[in-house]
Amino acid sequence: MAFESLTEKLQNVFKKLRSKGRLTESDVKSALKEVKMALLEADVSFKVVKQFINSVQEQAVGQDVMNGLNPGQMVIKIVNDELVKLMGSETTEITLKQGNEITVVMMVGLQGAGKTTTAAKIAGKLKAKGRKPLLVACDVYRPAAITQLQVNGEKQGIEVFAMGDKKKPVDIAKAAVEHARGQGMNVVIVDTAGRLHIDEDMMQELIAIREAVHVDQSLLVVDAMTGQDAVNVAETFNEKVGIDGVVLTKLDGDTRGGAALSIKAICGKPIFYVGMGEKLSDLEQFYPDRMASRILGMGDVMSLIEKAQANLDESKAKEMEQKMRKAQFGFDDYLESMNQMKKMGGISSVLGMMPGLGGKMKDLEGMVDEKDLARKEAMIYSMTPAERSNPDLLNPSRKNRIAKGAGVTVAEVNRFVKQFEQTRKMMKQMPGMMKGKKGKLGGF
Ligand code: GDP
């Protein structure tokens with residue numbers, strides 16, 4: 001999957017930052033140096049990386065720490081926001097005309113990028129939204145493309161307009177628009193011919209089609225696996241033909257993903273969709289914010305923080321945070337935190353949004369079973385106050401007594417105590433989540 005290595009590297013950088021209570025300027029500098037290396041290795045364009053790092057650095061220095069975030073988290077937030085900005089901030093869609101007026105969409109790109117497949121995928125999406133699309137086979141130089149489009153169109157019940165490989169693409173496109181008009185169709189998606197490399201004839205042909213049928217939206221399809229080349233292709237197509245948006249294909253593959261981060265910044269055009277596989281359903285709308293979260297491996301951390309801030313009882317949260325920091329978190333606090341989490345919409349919903357926990361959800365399943373909470377409460381109520389505040393006291397004979405008192409087996413007590421220790425560790429890793437200090441970022 002794309003971005004795996006980038007995500008891993010960034011997470012390592014952030015882990016180091018999070019473990020620090022205060023950040024010095026050199027902490028931030030060295031962290032950003034690692035972020036820079038990670039982005040370059042992910043094949044993000046050098047120019048983009050440079051601007052990105054400068055912008056993060058500028059904001060990190062002299063930044064007020066927001067309520068509820070520690071300095072490390074603050075830097076992560078800045079990186080997150082900059083990533084979103086880099087990818088265009090807003091989700092952009094193909095602009096379609098209203099009602100029965102025909103919107104002509106032209107698919108352009110190099111051979112093998114995924115134009116024909118994507119044309120069919122987009123037609124399927126538009127059909128599902130109630131549009132009446134027509135697919136047009138203008139790739140006359142690769143006869144297999146015509147059949148490929150016909151097969152894919154048929155699978156989705158979408159008509160494909162083709163005139164074989166002897167007619168000129170411009171004429172086919174014109175006839176197709178006429179046909180669409182006659183049939184009351186409102187979107188015409190023209191699949192054009194690609195070449196292995198950028199070539200002047202291809203560009204001229206695209207311009208001719210654009211003029212002949214008044215193309216409303218030109219969509220460039222680029223292959224994410226080609227990294228920086230994808231960005232160069234986007235720049236050239238935009239200069240020569242003019243494009244409105246980009247579809248980045250093969251993001252499901254083993255790509256380093258840098259193209260997704262560079263395209264908007266370099267050619268100024270947004271990514272509309274990303275291709276996530278060969279199946280016709282494997283096309284996703286591109287959301288810059290979700291992509292940033294995914295790249296950072298953060299889950300939906302911002303929503304979690306917002307939720308925590310909106311719901312937690314401030315003084316209790318502060319007290320709890322102190323305890324977490326000092327690792328004095330005991331069973332009573334566990335009960336309290338479970339109650340707080342319930343208020344936030346359930347334990348599993350909170351854990352699901354927590355950074356880095358995606359893959360570890362299974363280990364934590366025992367902790368998120370809300371039905372199980374009553375048994376845990378019973379075990380906690382069978383503990384002495386000293387045991388509740390200091391779990392280290394729990395030797396075998398005490399556990400035996402607790403099991404009897406709660407009406408559970410010793411094995412269950414052991415399991416719970418072990419899980420509790422895991423939770424304690426986890427909570428130590430996320431201090432500052434609750435409402436906390438306000439002040440300057442570390443040493444700045
Ligand atoms: P065209 O020459 O630009 O029309 O490219 P095609 O549509 O023929 O696609 C080339 C190859 O890439 C085909 O084997 C497609 O199945 C494959 N392909 C297209 N999009 C994706 C994608 O998002 N993910 C993966 N894994 N393969 C894709």
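Eight strands form an open sheet in this predicted model, in the order S4-S3-S5-S2-S6-S7-S8-S9. The pairing is mixed. Two strands count as paired if DSSP finds at least two bridges between them. Helices (H or I, at least four residues) and strands (E, at least two) are DSSP runs, numbered from the N terminus. The edge strands are S4 (160–161) and S9 (283–285), and each pairs on one side only.

Helix H5 (residues 115–128) packs on the sheet. H5 touches strand S2 (103–108), strand S3 (133–137), strand S5 (187–191), strand S6 (217–223), S7, S8 and S9. The direction of H5 makes about 170 degrees with that of S5. Helix H6 (residues 143–156) also packs on the sheet, touching S3, S4 and S5. Its direction makes about 160 degrees with that of S3. Axes are lines fitted to C-alpha atoms, for helices over the stretch in contact, and angles run from 0 to 180 degrees between N-to-C directions. Touching rests on contacts: two residues are in contact if their C-beta atoms, placed from the backbone, lie within 7 Å.

Residues are numbered from 1 along each chain as its sequence is written. Because the model is predicted, local features need pLDDT of at least 70 and side-chain atom pairs count only at pLDDT 80 or more, while totals for chains, interfaces and linings use all residues.

**Inside the sheet**

Strands S7 (residues 245–249) and S8 run parallel, and three bridges join them. Val247 stands opposite Tyr273 in S8. How many residues of S8 (residues 271–275) are buried? Five of the five are, so S8 is largely enclosed by the rest of the structure. A residue is buried if 20 or more other C-beta atoms lie within 10 Å of its own, exposed if 12 or fewer, and partly exposed in between; these C-beta atoms are placed from the backbone.

**The whole protein**

The protein has 20 helices and 10 strands. Of its 444 residues, 42% are buried. Take the contacts with a separation of 6 or more: residues 24 or more positions apart account for 76% of them.

**Helix pairs**

Two packed helices are described by the angle between their axes and the distance between the axes. Two pairs are set out here.

| Pair | Angle | Axis distance |
|---|---|---|
| H4 (residues 71–86) and H11 (residues 288–296) | roughly 135 degrees | within 8 Å |
| H7 (residues 169–183) and H8 (residues 200–213) | about 25 degrees | 9 Å |

The angle makes H4 oblique to H11, whereas H7 and H8 are roughly parallel. Angles under 35 degrees count as roughly parallel, over 145 as roughly antiparallel, 65 to 115 as roughly perpendicular and the rest as oblique. H4 passes H11 in a right-handed crossing. The crossing of H7 and H8 is right-handed too. A crossing is right-handed if the near helix is turned clockwise from the far one by less than a right angle, and left-handed if anticlockwise.

Which residues bring H4 and H11 together? Asn80, Leu83 and Val84 of H4 meet Pro288, Asp289, Ala292, Ile295 and Leu296 of H11. By class, this contact has six nonpolar residues, one polar and one charged. Nonpolar covers Ala, Val, Leu, Ile, Met, Phe, Trp, Tyr, Cys and Pro; charged covers Asp, Glu, Lys and Arg; the others, Gly among them, are polar.

Between H7 and H8, the H7 side supplies Pro169, Val170, Ala173, Lys174 and Val177. The H8 side supplies Glu205, Ala208, Ile209, Ala212 and Val213. This contact of H7 with H8 has eight nonpolar, no polar and two charged residues.

**More on H11**

In H11, Pro288, Met291, Ala292, Ser293, Ile295 and Leu296 are buried. The buried residues of H11 pack against helix H1 (4–18), H4 and helix H10 (258–267). Just after H11, Gly297 takes a positive phi of about 60 degrees.

**Single residues**

Asp43 is not a glycine, yet it has a positive phi of about 75 degrees. Asp43 sits in the loop between helix H2 (25–41) and H3. Is Asp43 buried or exposed? Asp43 is buried, with 22 other C-beta atoms within 10 Å.

Ser89 is not a glycine either, and has a positive phi of about 60 degrees. Its place is in the loop between H4 and S2. With 13 C-beta neighbours inside 10 Å, Ser89 counts as partly exposed.

Gln59 lies in helix H3 (residues 46–60). Gln59 is partly exposed, with 17 other C-beta atoms within 10 Å. Gln59 and Val79 are 20 residues apart in sequence and 9.6 Å apart in space, C-alpha to C-alpha.
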